[in-house]
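Hi everyone, thanks for coming. Please take a look at the structure with me, and we'll walk through a few spots together.

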Amino acid sequence: YNARWNLSKSLTLEYSATVNAIIDEPDGDLDNKDSLKIVIDNLKKFGRMKNFEQAITANYTVPLDKFPLTNWIGVDYRYQTLYSWKAGPLETNESLQLGNIIQNSRDQAFNGKIDLLKLYNKSKFFKDINTPKRVLTPAEKARQAKTDTIKPPPNFGALRGIMRLIMSVRNVTGTYSIVEGTTLPGFTESPYLFGMDKRWAAPGLGFITGSQDADLRFKSADQGWLSTSEKLTNPFMQAQQKNLTLRSSIEPTIDFKIQLDVKKTTTAAFQEIFRFEGDSNRFVSFSPSRTGTYTISNVSIRTAFKNNTSTNSTVFQQFQENISTISEKMSQLTGQGYETKSQDVLIPAFIAAYTGQNAEQVSLSPFPKIPIPNWRVDYTGLIKLGSLQDVFQSITIKHAYTSSYTVANYKNS
């Protein structure tokens, strides 16, 4: 079932839930009355729940467009949480009762737009500069020349050009999203309504609405909601992904357009085996580990086109020279010695060499914090040259540059 509420023009809320159940049958045929009665009783109960899933989604549009002072700014926010419960296998042997698996996710997204052109056009003078003049036909030009008896106003072309350049940034758009999820195996309780058990205690309102509290496993153990089987091998897991995208459009002139793009993506995951240990009579964490990836827009154009041969690379030589510089910096910072093949030395030396930075000034972190814009440039003004206008319908010169720095994988125990 699902339901949707338009709580206001700016806020909507949607809920949906799905249950899959199975009708258990006894061993053997169903010819005898006792076996048939078991099946009928199970039918009356709508079977045994195997899977339960629910989703809650809220969308909110900040009503900035309702006010003339802010109607050039747009901001949207979306919150979606998913919760699922999966039944474990039926088992009469207590040591093999591994419990069920519960999982949730939380997806938050912010979308924003700053329409600077709309802001500029609030002024009649600026709007006139930003509005391209309609090209008159030869007949219209001749007719206008006959009717124009008034002295034309002074030419403010230079001033218009300067103002157009000042207003070259036309808009900025951005998206920022965070997707998180938690998985807890060995959960012994069953959902009743909205994912909660009949006591409205487990697994908690926070978890079914997207909470990513890592202490859930400890709370569940304290409350007796986890299986005490020592055979449990499914890991407790948490994952997170963050995405940032920014784009800006710049138009110094009508024919000259520049697009700047900024991107940053990070992922992180944690997992461990969290199960009961009979010897200590308590729940214990086994083999915790953390992994992730990291990608950020960067600029390495200063070194990308240097003259190299098949056996010689000036950038690689600079990388080798940077190693000793970075090694000394790390030793001064920590008071410890560093080998030349240490990743703490190699990564900053690599970044400095291939982005054209000074090794003495480069950050020692393998995760650069600030993304650097990539770009795209389009120019269509050549068609205005008279000789080309007679031959071509349009001429476009395009240039684009994309570069990124990526940590494909990192792992920490």
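Let's start at Trp200, which sits in the loop between β6 and α6; helices (H or I, at least four residues) and strands (E, at least two) are DSSP runs, numbered from the N terminus. This is a predicted model, where local features need pLDDT of at least 70 and side-chain atom pairs count only at pLDDT 80 or more, while totals for chains, interfaces and linings use all residues. Residues are numbered from 1 along each chain as its sequence is written, and side-chain values use heavy atoms, with hydrogens and water left out.

What is phi of Trp200? It is near 55°, a positive value in a residue other than glycine. Pro203 lies in that loop too, between β6 (169-187) and α6 (205-208), and the peptide bond from Ala202 to Pro203 is cis, with omega near -5°. For background, most residues other than glycine have a negative phi, and most peptide bonds are trans.

Now to a pair of helices. The axes of α9 (residues 314-334) and α10 (residues 343-355) come within 8 Å and cross at roughly 135°; axes here are lines fitted to C-alpha atoms, for helices over the stretch in contact, and angles run from 0 to 180 degrees between N-to-C directions. That makes α9 oblique to α10, since angles under 35 degrees count as roughly parallel, over 145 as roughly antiparallel, 65 to 115 as roughly perpendicular and the rest as oblique. Who makes the contact (heavy atoms within 4.5 Å)? Among them are Phe316, Phe319 and Met330 of α9, and Leu346, Pro348 and Tyr354 of α10. The contact residues divide into 14 nonpolar, three polar and one charged; Ala, Val, Leu, Ile, Met, Phe, Trp, Tyr, Cys and Pro count as nonpolar, Asp, Glu, Lys and Arg as charged, and the others, Gly among them, as polar.

Methods
Contact = heavy atoms within 4.5 Å.
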